[in-house]
Amino acid sequence: MKVRFCSTVLSLALIGSSVSVQATSKEDLLKEQQEVESRLQETEQSQNQTSEKLVLTKQERKEAKARLDEVNSRLEDLASKIADQQAAVSVAKEELATVTRAVGQTESKLRAQEKLIGDRLRSVQRDGDVKYIEVLLDAKDFGDLISRFSTVSEIIKQDDGVLQTYQANVKQLTEQRSEQELVLGQLKKEQRKLLILQTRIIAESEIKRTLVVRLNSQVKQLQQEQFTKAEEAAILEDQQRLISRQLEELRAAELKAQQEAKERAEAAQRAAEAAAREAEAEAQRQAEQEAKEKADKEQQEQKQPTTRPPTASEPVTEAPSQPATSSPSTSVKPFLLPVTGYVSSPFGPRNNPLTGKSERHTGLDLVNAKGTPIKAAAGGIVLRAGSATGYGNVVMITHLIDGRVWTTVYGHLDSVSVKAGQTVMPGDIVGKLGSTGWSTGPHLHFEIHRGEWAVGQPNAVDPASYIL
């Protein structure tokens with residue numbers, strides 16, 4: 001039956017009862033703590049720098065947006081002016097068309113009148129105007145003649161006046177058409193200037209818009225970087241707290257061991273003193289017995305002759321020394337396979353399936369069906385259980401094996417079954433296989449770190465070398 005135990009018992013079980021193992025574990029933990037604190041400071045400093053960049057970039061984006069708004073406002077005003085100019089051009093074109101039609105009509109009438117007057121003049125030049133002569137010859141007296149002559153003159157003048165009026169009208173309409181054409185040309189020229197200016201402002205607006213888009217991208221990237229740094233800092237703080245707790249447990253265990261050792265030493269001293277007193281009493285009794293036996297022997301020797309037994313040296317044989325035997329050191333693989341499945345991407349260099357760029361793959365990708373249970377590769381304490389950028393749903397577990405700190409990572413989980421700070425045994429279910437985060441399909445991304453998890457995964461090792 002599995003026995004779930006608290007972190008203190010787990011730590012003591014992991015480090016063992018040997019003082020040297022405890023010392024080594026404490027030294028390793030202190031070293032890990034210093035490294036975590038150093039990385040945490042670096043992460044916080046990087047996070048501050050990112051925050052400063054983000055503030056500056058947001059300010060730059062704000063200014064760029066203001067410039068873009070100003071350019072767009074100018075562009076809107078210009079578009080309004082162009083619209084007005086186009087309307088004026090349209091009106092001028094309509095007026096020009098009206099004048100042109102009027103000129104055409106006047107010219108047609110003028111040509112007809114010119115033809116009529118021309119025919120009459122040619123008739124007068126060729127045959128004389130019979131009608132005019134008949135009018136003059138039909139006069140009854142001199143007064144009537146004068147009257148008739150005046151009438152003929154008026155008719156001739158009227159014909160000439162009509163001709164001049166039509167010519168004046170044509171001249172006026174032609175001048176109006178020329179003036180209208182000049183106005184239309186000027187309007188078109190102004191319109192071309194406005195269109196050229198509009199093209200320039202549109203280009204300027206596009207530059208400003210491109211700048212705003214680039215700054216938006218930078219802001220988004222910096223916000224993501226800031227979020228990632230915050231996550232990294234949170235993980236490092238969790239590790240720092242966990243190591244501090246383990247150090248406290250070690251110190252408590254050391255104090256307890258020292259107290260027990262002190263009690264054992266005092267008990268041993270008391271036992272030694274009692275043994276010394278007993279040995280002294282025994283030695284005194286033995287001396288008294290030897291003295292008594294010596295006295296008895298002397299009395300017997302005085303009664304009987306002393307015989308001297310022959311001396312002979314006997315060879316002394318020693319048992320042959322047995323050679324010391326030592327078990328050969330075996331390479332121990334301390335981790336279990338967290339899930340069965342085929343390896344889609346081993347540890348080491350590869351092309352990222354999402355970006356296509358070359359990278360160092362810091363884990364082992366094991367493919368299986370979505371929802372397959374994921375097991376803890378070794379006993380330890382859950383460092384993190386939740387969501388993290390890139391990993392998606394992730395579980396991180398800290399282990400203390402043979403005085404060394406290890407960290408295992410289980411990424412892209414569909415769901416998480418443990419909580420931070422929870423103690424797990426080898427084989428305990430920590431979650432279910434999925435495809436969350438930066439993933440192209442259901443699989444487990446499994447990492448082993450020799451030491452604590454760190455930004456950039458510098459401590460990552462090939463899991464295949466450490467799995468049973």
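Student: Why is Leu-250 called buried?

Tutor: In this predicted model, Leu-250 has a relative accessibility of 2%. Buried means under 20%, so Leu-250 counts as buried.

Student: What makes His-449 count as buried?

Tutor: The relative accessibility of His-449 is 0%. The cut-off for buried is under 20%, so His-449 counts as buried.

Student: Which strand holds His-449?

Tutor: His-449 belongs to strand β11, which covers residues 444-450.

Student: Why is the pair His-449 and Glu-447 called a polar contact?

Tutor: The side chains of His-449 and Glu-447 are joined at 2.7 Å. A polar contact needs N or O atoms within 3.5 Å, so the pair is counted as one.

Student: Which residues is His-449 in contact with, leaving aside neighbours within four places in sequence?

Tutor: His-449 is in contact with Val-405, Trp-406, Thr-407, Val-409, Gln-457, Asn-459 and Ala-460.

Student: What is there to say about phi of His-412?

Tutor: Phi of His-412 is near 65°, a positive value in a residue other than glycine. Most residues other than glycine have a negative phi.

Student: Is His-412 buried or exposed?

Tutor: At a relative accessibility of 6%, His-412 falls under the 20% limit and therefore counts as buried. His-412 is placed in strand β8.

Student: How many cavities of 30 Å³ or more does a search of the whole structure find?

Tutor: The search finds one cavity of 30 Å³ or more. The largest cavity has a volume of about 40 Å³.

Student: Which residues line the largest cavity?

Tutor: The lining consists of Gln-239, Leu-242, Ile-243, Thr-398, Val-405, Thr-407 and Glu-452. Helix α4 gives the most, with three residues, and β8 (404-416) also supplies at least two. Val-405 and Thr-407, both in this lining, are also in contact with His-449.

Student: How do the residues of that cavity lining divide into nonpolar, polar and charged?

Tutor: Three residues lining the largest cavity are nonpolar, three are polar and one is charged.

Student: How much space lies in the largest pocket, and which residues lie nearest its centre?

Tutor: About 1000 Å³ of space lies in the largest pocket. Of the 36 residues lining the pocket, Asn-352, Glu-359, Gly-390, Tyr-391 and Trp-438 lie nearest its centre.

Student: Which element supplies the largest share of the lining of the largest pocket?

Tutor: That element is α4, with five residues. Elements that each supply at least two residues include β1 (342-345), β3 (358-361) and β11. The lining divides into 10 nonpolar, 18 polar and eight charged residues.

Student: How many helices and strands does the protein chain have, and what percentage of its residues is buried?

Tutor: The chain has four helices and 12 strands. Buried residues make up 31% of its 468 residues.

Student: What share of the contacts with a separation of 6 or more joins residues 24 or more positions apart?

Tutor: Such residues account for 72% of those contacts in the protein chain.

Note on methods:
Residues numbered from 1 in each chain as written. Predicted model: local features only at pLDDT ≥ 70, side-chain atom pairs only at ≥ 80, totals over all residues. Heavy atoms only, no water. Buried < 20%, exposed > 50% of the residue type's maximum accessible area, 1.4 Å probe, protein only. Polar contact = N/O pair within 3.5 Å; in protein donor to acceptor, adjacent residues only side chain to side chain. Contact = heavy atoms within 4.5 Å. 1 Å grid on protein atoms, 1.4 Å probe; cavity = no way out; pocket = protein on both sides within 12 Å on 5 of 7 lines; lining within 4 Å. Points joined across faces, edges and corners; volume = space filled by probe spheres on them. Nonpolar A, V, L, I, M, F, W, Y, C, P; charged D, E, K, R; others polar.
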